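Visitor: I have a structure open and would like to learn how to read it. Could you walk me through it?

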Amino acid sequence: MDNKERLPRRILIAKPGLDGHDRGAKVVATALRDAGFEVIYTGLRQTVDQIVNTAIQEDVDVIGLSILSGVHMELTKRLVKKLRESGAGNIPVAVGGVIPPGDVEKLKEVGVAGVFSVGTSFKKIVDFIRNI
Amino acid sequence: MDELRKIREKKKRWSARFLQDKKFSPAQTSWGMDLNTVYTMDDLSDVDYLKDIGFPGDFPFLRGVYPSMYRGRPWTMRQYAGYGTPEETNTLFKSLLNQGQMGLSVAFGLPTQIGFDSDNPLVEDEVGRVGVAVDTLKDMEIIFEGIPLDKITTSFTINPTASIILAMYIAVAEKQGVSPKQIGGTLQNDILKEYLARGTQIFPLRPSLRLIGDIIEYCKDNVPRMNTISICGYHMREAGCNLIQEIAYGLSDAIVYVEEALKRGINVDEFAPRLSFLFGCGVNLFEEVAKLRAARRLWAKIMKERFGANNQESMKLRLFSGCLGSAFTSKEPLNNIVRGTIMALVAVLAGCQAIHVTSYDEAYTIPSEEAQRTALRTQQIIFYETDVAAVADPMGGSYFLEYLTNKIEEEVQGVMAQIEERGGILKGIEDGSIQREITRGAYESEKKIQNGEKVIVGVNKFVSEEKEYPIQIYPTDKSVWKKQISRLKEVKAKRNQRLVDLALGEIRRVAAGKSNLMVPIFSAVCEYATVGEICNALKEVFGEYKEIV
């Protein structure tokens, strides 16, 4: 019965803001593809509006943001707000990158479903997506 | 020869006697080459000392670019810094100079690096966050207030907007009564690695290269002490490639810049002495030292043989080196002080001209003052307390090191030849094949860390259950952004808008033609045109780069 749940899910990996460090985003995208997911990677310098539009148009199941420039709180808040305004508040959001431990809870309070700092194992990320 | 034969025979017997049972597997280099248990003179039998190794300060510069190396002068201890408002950065710079730092290195905020002004709604969250915000000449005047530009050198981590920042720096010098001929420093200005790894590119490839050619040409006549490009392998390495590719991509990019300048009819010896390089230092001490020595020898040969340089200065690969931040861990951050020390030692043993040590808390945040001081102290302790800088190239002559140096040079040449066969590095950037190669490297090395094949102490082995050492996170708020937009408003109100418009029009006109863009850009910054306005004028003519994903 759960067959539908086991089908590969569509995942959007997005780089919001001006940060050009895409190593993590590309590596996670590769790992998720290897794990059987369908991954859409946005490329650099996406605005919050662009990411939300892509997520809706591509009908993705999860949005993964990658931010290493220290502005994860601001950008994530904007994105979650925009998603809700666009009627897509049901799409879970995960955040990866350089996230100080003290900010993990704060991100969850904003509505983020998972936080994956640099060094998180692929397995943990894959398990997170499978269990959403 | 007789001696070599004897060594070979003895080694065979020794190996049969002691290594036969093979209870161990051979060690491998980081790029996967098997290593012997020990290296001896016979592993270097084809080396011609005078031709292949030589003396420091002499071709092929394997042993260093200066005859006396650090006896002549120590390396420049140059910590990368800059944050928040221009006022805060000015205070920080003065304090670093007071602590004995010898040159400044400016970190710019992302909006400044990518050509957005602080009042652009897209960048509200990012003004002054990873470096100082600069919108107009006014900001640069504040950053360098009270710092005599004829007495220090400054390194600028700036790429597509390098021409604008350079023009502003010249203007600040002139306001201090210092001639552009007296100022010195280094522009990063290496656009190709932005497309490959760092991500601040604005314009398409060809106009970007033209801007670089314009800077080289302009500096040759007007700012002769400015190093016009710092050619980086560093960022590709940080993005995931191995140390062979780091040098191969860096030198391939360098060749593109040399060709760009030659196309303008500039003699190679007129600009090549002002090219410098930035490569990383990892903790793998022997490989990293060998890598930098190999890069020096290879570059010297390329300049001499391929480009016909006559001036020895054109053949010298002058090196700025920094710790590979990707090897720094956010777990147990104090361990990073140890990693940084080994990396700094690598840079010194390899004979670098300027060194940056990464602060131990940088895996999380803008470094605290304590962490920055410790990073500078690391360099000072190495120079003043260890005496490793007493002689030039102290590791030279080690059988293993020389063997590795030769191997790495061969491997790098192989990768460079492959790139050329496939149509050159520009084509590799345009079709995304180099980017994909870098990502593949990053993915493979991450898998090795996750499966424990590559040990990172405190991360996948000897993981501590104890409470983490607390890192102070650099506090941020909206105040920098607010200050910055209010100053920008003030500057815009005071400047002569008609002259700004004329200057921007001139930039568009020159961009559409072939003259040197530095001239109208300099005029525009002197009228307090903003970084964003100048970039927009250029975008109208050049268009924008579309990323391949």
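Guide: Gladly. Let us start with burial: a residue is buried if 20 or more other C-beta atoms lie within 10 Å of its own, exposed if 12 or fewer, and partly exposed in between, with C-beta atoms placed from the backbone. By that rule, 49% of the 549 residues of chain B count as buried. This is a predicted model, where local features need pLDDT of at least 70 and side-chain atom pairs count only at pLDDT 80 or more, while totals for chains, interfaces and linings use all residues. Residues are numbered from 1 along each chain as its sequence is written, and chains are lettered from A and ligands numbered from 1 in the order in which they are written.

Visitor: How does the radius of gyration of chain B agree with that of a compact globule?

Guide: The radius is taken over C-alpha atoms, and the globule rule is 2.2 Å times the number of residues to the power 0.38. For 549 residues that gives a value near 24 Å, and chain B has 24 Å, which agrees. Its C-alpha atoms fill a box of roughly 85 × 60 × 45 Å along the principal axes.

Visitor: How many helices and strands does chain B have?

Guide: Helices (H or I, at least four residues) and strands (E, at least two) are DSSP runs, numbered from the N terminus. Chain B has 22 helices and 9 strands.

Visitor: How do I describe two packed helices?

Guide: By the angle between their axes and the distance between the axes. Axes are lines fitted to C-alpha atoms, for helices over the stretch in contact, and angles run from 0 to 180 degrees between N-to-C directions. In chain B, α20 (residues 497-512) and α21 (residues 518-526) pack at about 165°, with axes 9 Å apart. Angles under 35 degrees count as roughly parallel, over 145 as roughly antiparallel, 65 to 115 as roughly perpendicular and the rest as oblique. α20(B) and α21(B) are therefore roughly antiparallel.

Visitor: Which residues of α20(B) and α21(B) make the contact?

Guide: Contact means C-beta atoms, placed from the backbone, within 7 Å. α20(B) brings B:A503, B:L504, B:E506, B:I507 and B:V510, and α21(B) brings B:P520, B:I521, B:S523 and B:A524.

Visitor: Is B:G325 buried, exposed or partly exposed?

Guide: B:G325 is partly exposed, because 18 other C-beta atoms lie within 10 Å. B:G325 sits in the loop between β8 (319-323) and α14 (335-349) of chain B. Leaving aside residues up to four places away in sequence, B:G325 touches B:E238, B:T358 and B:E362.

Visitor: And how many residues of chain A and chain B are in contact?

Guide: 28 residues of chain A are in contact with 28 residues of chain B. α2(A) gives the most to that side of chain A, with 5 residues.

Note on methods: Two residues are in contact if their C-beta atoms, placed from the backbone, lie within 7 Å.
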